[in-house]
Amino acid sequence: MRAHADLVDRLSHAPDKSYRHAILVDYFRHAPSPDCGWVAAVLTGEIGLPRVGPAALKRLAAERLDETLFTWSRDYVGDLGETIALLWPGLPGGDLCIADVVQELIEAEKSTLSALVANCLDKLDTRERWAFLRLVTGGPRVPVSALEVKQALAEFGGTDTSAVEEVWHSLTPPYEPLFAWLGGRGEKPRTGGLPVFHPPVAARPIEESDLNLIESSEYFAEWKWDGARVQLVGLNGARRVFSREGDDITAAHSELSALILEGTVLDGELLASGEVRLFDILVAEARDLRPEPYDNRRSRLQSHLEADPVLKLSLSPLLAYTTVDDLKSYRSRASEYGAIGIMVKPRHVPWSPREDWLAWNIDDRRTSAVLLYCERMRNGTLELTLGRLRGNALAPVGRVRADLPEDEMSKLHDWISENRTDRFGPVQQVRPDLVCEVAFSAVDTATRRKAGLVLRNPKLLRILWDMPADAVMDISELTGLAR
Amino acid sequence: MAARAMRPEDWVRVRPEGLYVEPGNFFVDPGRVVETAIITHGHSDHARAGNGRVAATQATLDIMTQRMNRKPWRDCQALAYGERLQVGDVTVWLAPAGHVLGSAQVVLEYAGQRVVISGDYKRQSDPTCAAFELVPCDVFVTEATFGLPVFQHPDPGYEVTRLLHSREIYPNRSVVVHAYSLGKAQRMLALLRAADYQRPIYVAPIILGVCEIYRKHGIDLGDLRALDQLENNPGSEIILAPPSKPGEGIVGKLRDPLIVMASGWMTVRKHARGRGAELPLVISDHADWNELVSTIQDLAPEEVWVTHGREDALILQTQRLGIKARALSAIGNGAGAEQ
Ligand SMILES: [Zn+2]
Ligand SMILES: [Zn+2]
């Protein structure tokens with residue numbers, strides 16, 4: 001597991017995406033099959049591993065480690081898993097391979113999981129134990145997305161990401177035919193045309209210098225909807241819903257998948273109402289439209305929707321404009337339309353993996369709120385419920401994902417374990433003492449909620465460790481913004 | 001004549017200036033200027049300028065002469081390892097500590113008792129200095145820089161292969177290794193050479209000066225170049241420089257360097273992140289927990305006095321071995337003597 005531990009260690013210290021890319025490509029170049037396949041499956045979240053909670057970890061530590069030295073070490077190191085990794089009396093050189101470990105974990109019964117974990121720890125060195133514990137404790141997440149993994153696979157194999165996607169979705173872990181092909185040891189696997197994710201056109205924030213280039217003859221303008229980017233795929237008799245990152249989310253959106261027509265790949269934004277605003281079509285009648293310019297694709301999309309009108313699927317309209325000032329005025333009124341800004345898209349270019357679309361968001365507003373509850377999600381992320389004072393009680397105003405740098409995450413985990421007051425399943429209630437700064441795009445009235453309102457698109461910016469909770473203003477500041 | 005027998009703490013104790021040996025009227029690694037000092041090694045937390053008479057190994061004296069701006073002492077005396085020196089009623093000799101070039105344990109003999117002061121030491125092999133030697137004694141005064149069981153240093157050879165692997169991952173990024181100029185820098189160089197890295201290595205001026213002393217003492221570190229010989233676009237060349245603030249020093253002048261830090265502290269991830277290391281390597285010139293404990297076990301002295309680091313855990317573990325242990329700061333320490 002040395003190569004895997006080294007990979008996770010390097011990724012966790014890499015300052016940005018381009019370095020993570022280089023690290024992943026290098027890993028895939030060197031790692032033997034099926035190790036590489038299992039690692040790819042784990043990194044993309046394609047397989048779920050059973051989780052060992054902090055209580056079980058503490059039991060293991062109590063069985064195997066000296067209590068006093070463990071306590072002092074934990075106080076010093078901070079993180080529970082890291083402390084155990086450092087202290088565990090392992091026998092390095094046991095050369096466990098990651099493929100065996102992952103498969104054993106997948107097959108492990110709940111009752112034998114702790115013993116399996118202890119058994120693995122015995123055979124690993126310090127860095128391997130740390131990476132292994134990260135795998136079975138679910139956090140902090142390795143900072144790579146499924147798409148980044150596939151981009152790295154594409155570079156390793158000298159092919160493009162959509163070809164990797166296509167093959168990926170036709171196989172199951174550890175994807176041995178895929179790696180044989182990418183490594184030049186085999187033919188490209190026949191995919192049997194299963195419905196696969198087609199990377200959509202990516203967007204980047206607009207810059208001042210872009211504004212000079214915008215002309216209505218060259219660029220379409222559309223609303224930037226307040227939702228989640230989805231891809232609807234109906235190919236070869238099967239239907240799938242994918243997230244922006246290519247995660248298969250069909251199970252959670254079965255009614256939506258039922259609406260997908262055979263032979264199409266649609267790109268749009270899923271709104272909270274369940275409605276999808278569509279803006280691109282990548283495949284129609286089983287024909288790949290990606291080589292066609294965007295305005296052709298949009299007209300195809302329009303006729304596609306007119307031919308088969310479905311209430312839940314609608315075309316995201318074009319915004320008529322002549323000058324950039326017109327766009328500014330749309331942008332300033334976006335929230336009235338349920339949008340969070342506008343998108344500006346070049347009309348005459350075909351699909352490309354570049355970030356061709358420009359997002360011009362409404363400026364985010366910022367506020368602070370107090371942490372009330374934390375919930376560990378199945379995929380390992382942590383969701384925080386934040387509140388503000390209404391009258392003399394704290395009322396929840398929004399929920400954010402704790403997506404912070406790793407050191408802040410471990411600080412947060414420590415804070416939570418020290419300040420937990422109650423627990424309901426995966427939800428932990430904490431002492432209302434920690435202040436978070438959040439960005440949000442608008443405030444919505446929500447009469448059925450205790451706060452009477454809810455923040456739209458709240459995003460956690462940072463934790464204000466030194467700000468006392470009673471310095472947070474009460475809710476009236478937000479009530480004024482609600483509509 | 002007192003009925004009570006003389007105890008080591010009756011003649012070795014802590015004073016504000018540092019560890020004091022009364023029957024010889026001298027100090028070991030004093031923190032303030034004194035008349036007579038024995039110096040374990042050249043690191044600045046052990047060797048200070050301005051003392052009257054100083055005894056140390058020749059290498060330590062050379063290092064002090066080079067690193068100190070003002071005159072390091074009034075008189076000095078070089079002691080070879082094992083060579084006896086009579087200071088007052090105390091016989092003093094030095095034994096290798098394996099920490100950096102010239103580093104020594106100080107052996108004190110008086111009234112039929114022997115006290116050994118470890119100074120900084122390690123037991124991992126290191127071709128740039130003489131290996132640590134066990135000197136049986138009544139009292140072992142041990143350092144405890146890494147006196148917690150979380151510190152278990154891995155094979156430094158593997159750590160260096162990780163560094164070299166980075167050059168494959170990023171063929172166009174120069175590699176800046178931050179390492180202290182005395183000891184760690186030379187150890188890194190030796191490890192790189194042992195891993196068969198034969199390209200020129202670019203080193204900061206302060207490191208180059210110390211390497212020159214190592215060379216005079218017979219330690220060859222291969223082709224070293226001054227930083228100003230670096231080309232504008234140094235590809236994946238390896239550069240050694242003392243730690244600096246982000247954007248400062250040599251690092252500030254390079255485009256997109258990979259920052260490597262080599263230290264025992266890199267064991268703990270929050271330290272690695274706090275210091276901005278993109279590739280933290282656990283390579284240390286101090287004994288790790290296992291070395292600290294096994295050295296005490298090997299020596300089995302009457303008593304251990306713990307200093308220079310985290311004391312509580314090592315005291316506990318020593319007591320569990322059935323050996324008396326105390327913090328050095330508590331030895332013969334009159335009012336106001338605490339530092
Ligand atoms: Zn030292
Ligand atoms: Zn020291």
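The model described here is predicted.

**The zinc site**

- Distant parts of the chain are linked by the pair B:H41 and B:H99, which are 58 residues apart. B:H41 belongs to the loop between β4 (36-38) and β5 (51-56) of chain B, whereas B:H99 belongs to the loop between β8 (90-96) and β9 (104-110) of chain B.
- Both of these histidines, B:H41 and B:H99, are buried.
- A distance of 3.6 Å separates the zinc ion (ligand 1) from the zinc ion (ligand 2), and B:D120 coordinates both.

**The two domains of chain B**

- Chain B is divided into domain 1, with residues 8-150 + 286-330, and domain 2, with residues 156-281.
- The C-alpha centres of domain 1 of chain B and domain 2 of chain B are 29 Å apart. Domain 1 of chain B brings 19 residues to the contact, and domain 2 of chain B brings 17 residues.
- About 1500 Å² of area is buried between domain 1 of chain B and domain 2 of chain B, and carbon and sulfur atoms give 69% of this area.
- The interface of domain 1 of chain B and domain 2 of chain B is crossed by 1 salt bridge.
- A salt bridge joins the side chains of B:R187 and B:D126, at 3.7 Å from N to O.

**The contact between chain A and chain B**

- In the contact of the two chains, 28 residues of chain A meet 35 residues of chain B.
- The area buried between chain A and chain B is about 2900 Å², with 51% given by carbon and sulfur atoms. A:R10, A:H13 and A:Y76 supply 26% of the area that chain A buries against chain B, more than any other three residues.
- The interface of chain A and chain B holds 7 salt bridges.
- A:D66 and B:R320 form a salt bridge in which the closest N and O atoms are 2.8 Å apart.
- B:Y158 lies in helix α2 (residues 156-169) of chain B, and B:Y158 touches A:R2, A:D6 and A:R127.

Conventions: Residues numbered from 1 in each chain as written. Chains lettered and ligands numbered in written order. Predicted model: local features only at pLDDT ≥ 70, side-chain atom pairs only at ≥ 80, totals over all residues. Heavy atoms only, no water. Donors = N, O, S within 2.8 Å, 3.2 Å for Na, K, Ca; no water. Helix = DSSP H or I, 4+ residues; strand = E, 2+ residues; numbered from the N terminus. Buried < 20%, exposed > 50% of the residue type's maximum accessible area, 1.4 Å probe, protein only. Domains from an automatic or database assignment. Contact = heavy atoms within 4.5 Å. Buried area = accessible area lost by both parts, 1.4 Å probe. Salt bridge = Lys/Arg side-chain N within 4 Å of Asp/Glu carboxyl O. Lists of a residue's contacts leave out its neighbours within four places in sequence.
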